[in-house]
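Biologist: I'm new to this one. Can you put it on screen and walk me through it?

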Amino acid sequence: VHGGQESKVMEGKKSNKGTEENGRSFLKPGKRMVAGLCASLIANGILHPFDTIKSRTQITRAAGLPQIRPMEMLKYSIAKESVLGLYKGLIPLIISGLPGITIFYLTFASTHHLLERHHYSPGVNQFIAGCVSTFSNIFLRIPFEFMKCQQQLNTDKYLTLKDIWRLFPKKRHFYRGAAATVLKDVIPTGLYFATFFGLKRRFIKKEEPFLIQLPKLIALGGFSGAYTTTLSYPFDMVKNVQQINKGQISISMAKTFRTIVSEYGLKGLYRGLSVALARTTLLSGASLT
């Protein structure tokens, strides 16, 4: 009798423990999403001047800016607009970031959970989840990327979102550079997550204290971001050239590639890369930690 009662008590404790663990595992994706959302928005806000200088260095001739190096562009921008000018384009980024990052993390968590049932390797899971989650919000982000680019690359005056809406009566222009954006973001993001988590499994031990893990996580996140940014950077260059085109006629991605290479050579596709790498390294390290 006592043995039967004890076994029932033990089963009850196990079921309660299982319920608690399931509850915790259910909460983990939510906590990660909130943490990732906060980290991404804060880091993007702090590092936004890097993005402005990168974009202006890329598109000097098309935007009517002097063809100078990043440090000189920084001095030029501050002298012309003050430090606040470096934060042009931040508002569209924040508006699209709130729903965009939420959709991204929810899609990543659900896709990764679904793939785990099929027993694929962790690297394959993270690559596919990264690609799917990026594609899930990309068409929400493109119009705001367009508006961000218009604000950043206009140094003569501050264009409000309402001004940009009026300047382009044909709303299809807000999707300029869509193909380049897809190629720039979707597969590279999958590689980014697969690389980071693969390196994390290789170099970080679970039993290590967090203070020991922290610098490693920052370094691995920074390396993964720099690696994938270098691969995708030519498409970022093409996307910005397409979006800043001041005419009402959209230029194809292939024609934009040919124009950049004919004017600057292949190295023209990597103008401003040093600034992009500095921003991505810091952003990736902060967001994934």
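Modeller: Start with helix H5 (residues 122-152) and helix H8 (residues 210-244), whose axes come within 9 Å and cross at roughly 75°. Helices here are DSSP runs of H or I with at least four residues, strands are E runs of at least two, and both are numbered from the N terminus. Axes are lines fitted to C-alpha atoms over the stretch in contact, with angles from 0 to 180 degrees between N-to-C directions. This is a predicted model, where local features need pLDDT of at least 70, side-chain atom pairs count only at pLDDT 80 or more, and totals for chains, interfaces and linings use all residues. Residues are numbered from 1 along each chain as its sequence is written, and side-chain values use heavy atoms, with hydrogens and water left out.

Biologist: How do H5 and H8 sit relative to each other, roughly parallel or roughly perpendicular?

Modeller: H5 and H8 are roughly perpendicular. Angles of 65 to 115 degrees get that label; under 35 is roughly parallel, over 145 roughly antiparallel, and the rest oblique.

Biologist: Which residues in H5 and H8 meet?

Modeller: From H5, Ile142, Glu145, Phe146, Cys149 and Gln150. From H8, Lys239, Asn240, Gln243 and Ile244. The residues of this contact divide into 4 nonpolar, 3 polar and 2 charged. Nonpolar covers Ala, Val, Leu, Ile, Met, Phe, Trp, Tyr, Cys and Pro; charged covers Asp, Glu, Lys and Arg; the others, Gly among them, are polar.

Biologist: Is Glu145 buried or exposed?

Modeller: Glu145 is buried, at 16% relative accessible area. Buried means under 20%, exposed over 50%, and partly exposed in between, using a 1.4 Å probe and protein chains only. Leaving aside neighbours within four places in sequence, Glu145 is in contact (heavy atoms within 4.5 Å) with Lys239 and Gln243.

Biologist: Switching topic. What is in the largest nonpolar core?

Modeller: It has 11 residues, including Ile59, Cys149, Leu153, Ala180 and Tyr264. Such a core is a set of buried Ala, Val, Leu, Ile, Met, Phe, Trp, Tyr and Cys residues joined through side-chain atoms within 4.5 Å.

Biologist: Which element gives the most to this core?

Modeller: H8, with 4 residues. H8 and helix H9 (253-264) are the elements that give two or more.

Biologist: And what does Ile260 touch?

Modeller: Met237, Val238, Val241, Gly265, Gly268 and Leu269, not counting residues up to four places away in sequence. There is also a second, separate core of 7 residues, with Phe146 and Phe168 among them.

Biologist: How do H2 and H3 pack?

Modeller: Helix H2 (residues 48-58) and helix H3 (residues 70-81) pack at about 105°, with axes 10 Å apart. They are therefore roughly perpendicular. Ile53, Arg56 and Thr57 in H2 meet Pro70, Met73, Leu74, Ser77 and Glu81 in H3.

Biologist: Which residues other than glycine have a positive phi?

Modeller: Ser82 is one of them, with phi near 75°. Ser82 lies in the loop between H3 and helix H4 (90-116) and is partly exposed, at 34%. Another is His119, with phi near 60°. His119 is in the loop between H4 and H5, exposed at 71%.

Biologist: Last one. How many helices and strands in the protein?

Modeller: 10 helices and 0 strands. Buried residues make up 44% of the 289 residues.
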